[in-house]
Amino acid sequence: MSRSVKTTPIGIDLGTTYSCVAAWFDQHNRVEILPNEQSNKITPSCVACSNTEVLVGEAAKNQITRNPTNTVFDVKRVMGRRFSDFSLQEDIQSWSFKVIKGCSDKPMIVLEHMGVNKEFSQKRNIFHDSKEVERGCGGVPQNRSAAYAYGLDKLGDPNHPQKKTVFVFDLGGGTFDVSLLMISKEGTISVKAVGGDTHLGGEDFDKAMVDQCVKEFKKKQKKDASNNARALGKLKVACEKAKRDLSSTTETSIDIDCLYDGTDFSMKGKG
């Protein structure tokens, strides 16, 4: 005799800077984001390595903020891709960590930990209420997930027209995705068009800001900090904070003590 077990499907938004997991709740008739172990609804998508430990998520983000020279990498750009992919080979050239070819053309990340090189492959484990989630859906592209979540959430609206055209855009940490879809009152969702740029997002804005700061520092102080990892790490943290500040204010400043060669750096910018 078989017994049916009701399961709850989940959706995963694996972002370049932050990630989250959501589930559909019948009792609330909507999608809700599940909190992590720290009760936060978003988790930093980063890994940090020091001489003694490997940290992920919130712990990695805090460690990177305190010590910008720690290794940090974006696993999302590696997941689901073959080592021989031309686009991955282009990305590898700009990363500070090493990626090698594993079995079945799988990319493997190589990190030095406690004096020993270790190889890591991409793997995701998700737990909710101390139970490991066995089934889930990761949205690729991300704009498709946002589109469907929007459609499901709005179907309960009594004023929903017979057909509705919706434009959805997702400007994330590393990618920019857009989609155009048609939602009927009965719940049918038709995707009319999708597009975007897989290398346009918050990380690209941060890099542009860092490059500009390096140019300003060289222009004012006659010193080139472009090859100093510690200086670039400090600038990245400061530029990301300035970018966030400009979301709620029209002007901010970047101030760093002893950026490079004992020289301070200060710069103002407008949003």
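Me: Is Gly-202 buried or exposed?
Reply: Buried means under 20% relative accessible area, exposed over 50%, and partly exposed in between, with a 1.4 Å probe and protein chains only. Gly-202 has a relative accessible area of 9%, so Gly-202 is buried. This is a predicted model, where local features need pLDDT of at least 70, side-chain atom pairs count only at pLDDT 80 or more, and totals for chains, interfaces and linings use all residues. Residues are numbered from 1 along each chain as its sequence is written, and side-chain values use heavy atoms, with hydrogens and water left out.

Me: Which residues is Gly-202 in contact with, leaving aside neighbours within four places in sequence?
Reply: Contact means heavy atoms within 4.5 Å. Gly-202 touches Gly-172, Gly-173, Gly-174 and Lys-243 in this sense.

Me: In which helix does Gly-202 lie?
Reply: Helices are DSSP runs of H or I with at least four residues, strands are E runs of at least two, and numbering starts at the N terminus. Gly-202 lies in α4.

Me: At what angle do α4 and α5 pack?
Reply: Axes are lines fitted to C-alpha atoms, for helices over the stretch in contact; angles run from 0 to 180 degrees between N-to-C directions. Helix α4 (residues 202-221) meets helix α5 (residues 229-245) at about 120°, with axes 9 Å apart. That makes α4 oblique to α5; under 35 degrees is roughly parallel, over 145 roughly antiparallel, 65 to 115 roughly perpendicular, and the rest oblique. The contact includes Gly-202 and Phe-205 of α4, and Leu-232 and Lys-243 of α5.

Me: Where is Asp-177 placed?
Reply: Asp-177 sits in strand β15 (residues 176-184). Its relative accessibility is 7%, so Asp-177 counts as buried.
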